[in-house]
Amino acid sequence: MTVSTDFVLPPVTLRIGSEARSTGGGTHTHINPATGEAQAQVPLASAADIDDAVNAAHAAFAVWRATPAGTRAKALLKLAQLVEDRTEDFVNLAIADNGIARSNAYPTVSAAVEWIRYYGGWADKLPLGRITSVAGAGGSFGHTLRQPYGVIGAIITWNAPLMSLAMKVPAALAAGNTVVVKPSELTPFTSMLFADLVTEAGIPEGVFNVVPGGAEAGSALVEHRLVKKVTFTGGPETARKITAACAQTFKPVILELGGKSANLIFADADLQAAAMHSTFLAFGIMSGQACALPTRLLVQDSIYDSFVATIGAIAASFKTGNPQEPDTICGPVINEAAIERIHSMVTKAQEDGARLVTGGQRLAEDLADGFFYPPTVLADVDPASELAQKEVFGPVLAITRFSDEAEAIALANSTDYGLSGYVWTGDARRAVRVTEALETGEVTVNGAPNAVAERPFGGIGHSGMGNEGGLEGLEEFFWTKSVAYGNG
């Protein structure tokens with residue numbers, strides 16, 4: 001397959017203070033997921049580079065912390081506008097980074113702009129504290145102070161680098177912190193343009209630093225004594241290592257991890273809307289490579305067979321192919337290892353008794369050089385099987401039937417994850433009951449959008465801890481100091 005574009009990729013460098021470094025702790029060859037061809041050499045930060053970046057951020061903290069909140073707000077709002085103005089460039093970078101389909105890249109940029117703008121709007125409005133005085137003899141006047149931590153270590157995900165930046169960096173900067181970001185070496189390009197725009201927005205040198213790298217860079221960042229809090233988006237295995245490292249110095253963490261989110265379809269729902277929404281979210285968002293997607297479909301008995309057939313037909317109609325073409329719904333997955341993992345889980349599911357409805361084989365012919373796996377639907381999935389219990393992180397949807405509301409809730413809560421939940425029903429009372437019963441950080445009903453800037457987003461269990469989004473996401477980047485004044 002030929003993927004052509006006139007867009008010139010930016011050189012990938014380490015951005016430390018005012019310096020752009022082209023060497024570090026080795027290099028990584030970036031492979032275009034749509035073609036299988038090498039398209040860049042990515043410098044990887046060494047432990048020494050991480051130390052330099054953290055020290056640059058630490059030096060900048062005193063300046064940024066003392067910057068008036070209104071000035072910080074103005075800079076973040078300008079950053080939001082700059083990102084919006086460069087939408088086309090960010091779309092091209094997303095396609096180059098991980099092969100996201102152009103049709104999905106545009107709304108991703110729009111969402112990132114809203115997150116930046118949201119926290120820019122909060123930067124000069126958050127109350128600094130509250131009064132805690134005690135009246136009478138022996139009393140005292142007291143208050144609390146919200147204090148920024150200092151240097152925040154941010155490790156962002158490969159599947160949606162711009163969104164991950166937007167969900168972490170603006171909130172941290174609005175609170176007065178400085179940031180060192182380690183993007184994945186798999187998706188390095190987006191962070192380069194973002195760093196350019198941070199500078200253009202008037203944010204001082206050293207406040208935002210970018211150090212692409214692998215495990216060595218991540219460990220050095222997490223363990224650095226001047227990094228006061230870590231925010232990480234990724235998988236549970238890496239999160240365990242980060243948490244263990246942070247525990248040595250009781251360093252707080254925010255963990256936004258994976259999910260195996262259930263989508264409950266009751267017989268009284270708007271079934272056509274539910275089918276289209278459920279299928280698009282499972283496959284049309286980054287080819288299934290996102291943490292909060294409804295990857296388990298739980299369908300009520302009385303509509304099960306017809307609904308499965310509808311889902312299969314919609315999934316089979318989605319075009320998988322060149323991410324540059326405007327009618328493509330599903331682009332490639334990130335690399336060959338992802339193809340092998342996804343297909344292994346699909347094969348195992350069928351061995352466990354699941355019925356293949358559509359998909360299930362790597363795409364060949366003119367797509368053979370890229371990493372393309374079609375939308376794959378498996379029905380009659382055993383809720384205790386690997387496919388129902390483990391995150392695939394690819395275009396695979398598992399469908400299981402349920403008889404009544406109680407069974408639906410039990411099935412939805414039967415995994416170790418707790419990130420998102422989805423409910424489709426025409427009964428408002430049922431919607432309230434089910435949303436209260438689902439053990440997830442977020443639930444949406446009848447197609448409401450998820451992971452939006454104004455609401456907290458975070459999980460429980462193997463889906464992590466802490467929040468991004470909403471006022472709660474801003475408060476993650478403050479610690480509270482208690483102050484009291486006596487009568488002496």
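Analyst: First, a definition. On a 1 Å grid over the protein atoms alone, a pocket is an open set of points with protein on both sides within 12 Å along at least five of seven lines; a cavity is a set where a 1.4 Å probe fits but cannot get out; lining residues have an atom within 4 Å of a point. The model is predicted: local features need pLDDT of at least 70, side-chain atom pairs 80 or more, while totals for chains, interfaces and linings use all residues. Residues are numbered from 1 along each chain, and side-chain values use heavy atoms, without hydrogens and water.

User: Which residues lie nearest the centre of the second largest pocket?

Analyst: R72, L128, R146, A175 and F478 do, among 16 lining residues. Strand β5 gives the largest share of the lining, 4 residues.

User: How many cavities of 30 Å³ or more does a search of the whole structure find?

Analyst: The search finds 3. Of its 14 lining residues, A94, I100, T108, P161 and L162 are closest to the centre.

User: What is the volume of the second largest cavity?

Analyst: About 60 Å³. Its lining includes W158 and M286.

User: Why is F141 called partly exposed?

Analyst: Buried means under 20% relative accessible area and exposed over 50%, with partly exposed in between (1.4 Å probe, protein chains only). F141 has 40% relative accessibility, so F141 counts as partly exposed. F141 lies in strand β5, residues 141-148.

How values were computed: Helices (H or I, at least four residues) and strands (E, at least two) are DSSP runs, numbered from the N terminus. Grid points are joined across faces, edges and corners, and a volume is the space filled by probe spheres set on the points.
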